[in-house]
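Me: Could you walk me through this one? I'd like to start with the strands and then move on to the aromatic rings.

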Amino acid sequence: MNGNSQPLEVAMDFIKRINAGDINALCELMTENHIFQDALGKRFMGRETMRQGWTNYLKMVADYQVHAEEFFVTDERVAIFGTASGSYVGPLGPGAKAGNGAPAHAASHGVESTVGPNGFWEVPAAWRAVVQGGKIAEWRVYADNQPLRKLMGDATP
């Protein structure tokens, strides 16, 4: 990507790199001072911080995928709506017990989300990208990750 790339093209390329699980290619598309904000509002600063963050996340959530369905673009900002999914394979992987003692895949979840066998989960999600110079300067995630937190043993309703 170069500085002349359109924000939507850059955001879609970023999603392709996430879905491919290619950390190095993903980091190539981040600005050096990249900002990532998770669904709980926690912010992480810097490309190298996110290299480690994505590496850890993709080890914990196998086959993580962003399914983009709708887009809205305003100048360098892109809003993306769709779903996120993956399989939790962390310390409470398949067959383990959730924090409430139930099998991890049987943890309760919202009507609009899915938790299936082998730790698979899917939730409605949105993302906000800020593109600068053909790279992602900021990536924000908006999703109810309660199904994943339940698989991780969080008993909070």
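Me: Which way do S1 and strand S2 run, and how many bridges join them?
Reply: Three bridges join S1 to strand S2 (residues 43-45), and the two run antiparallel; strands here are DSSP runs of E with at least two residues, helices are runs of H or I with at least four, and both are numbered from the N terminus. Two strands pair if DSSP finds at least two bridges between them. Before going on, note that this is a predicted model, in which local features need pLDDT of at least 70, side-chain atom pairs count only at pLDDT 80 or more, and totals for chains, interfaces and linings use all residues. Residues are numbered from 1 along each chain as its sequence is written, and side-chain values use heavy atoms, with hydrogens and water left out.

Me: What do S1 and S2 form, then?
Reply: They form a hairpin with five residues between the strands, and Gly41 in the turn has a positive phi of about 90°.

Me: And how does strand S7 run with S1?
Reply: S7 (residues 135-143) runs parallel to S1, and four bridges join them. Ile35 has a bridge partner on each of these strands, namely Glu138 in S7 and Met45 in S2.

Me: Why is S1 largely enclosed?
Reply: Six of the eight residues of S1 (residues 30-37) are buried, so the rest of the structure largely encloses this strand. Buried means under 20% relative accessible area, exposed means over 50%, and partly exposed lies in between, with a 1.4 Å probe and protein chains only.

Me: Switching to the rings, how many aromatic pairs are there?
Reply: The structure holds eight aromatic pairs, where rings of Phe, Tyr and Trp (its six-membered ring) pair if their centres lie within 6.5 Å, and planes under 30 degrees apart count as stacked, over 60 as edge-to-face and the rest as tilted. One of them joins Trp54 and Tyr64, whose ring centres are 6.3 Å apart with planes at 45°, so this pair is tilted. Trp54 lies in helix H3 (residues 47-60) and Tyr64 in strand S3 (residues 61-74), so the pair ties together parts that are ten residues apart in sequence.

Me: Is Tyr64 buried or exposed?
Reply: Tyr64 counts as buried, at 7% relative accessibility, and Trp54 counts as buried too, at 5%.

Me: Which residues are in the ring cluster?
Reply: Ring pairs link Phe36, Phe44, Trp54, Tyr57, Tyr64 and Trp121 into a cluster.
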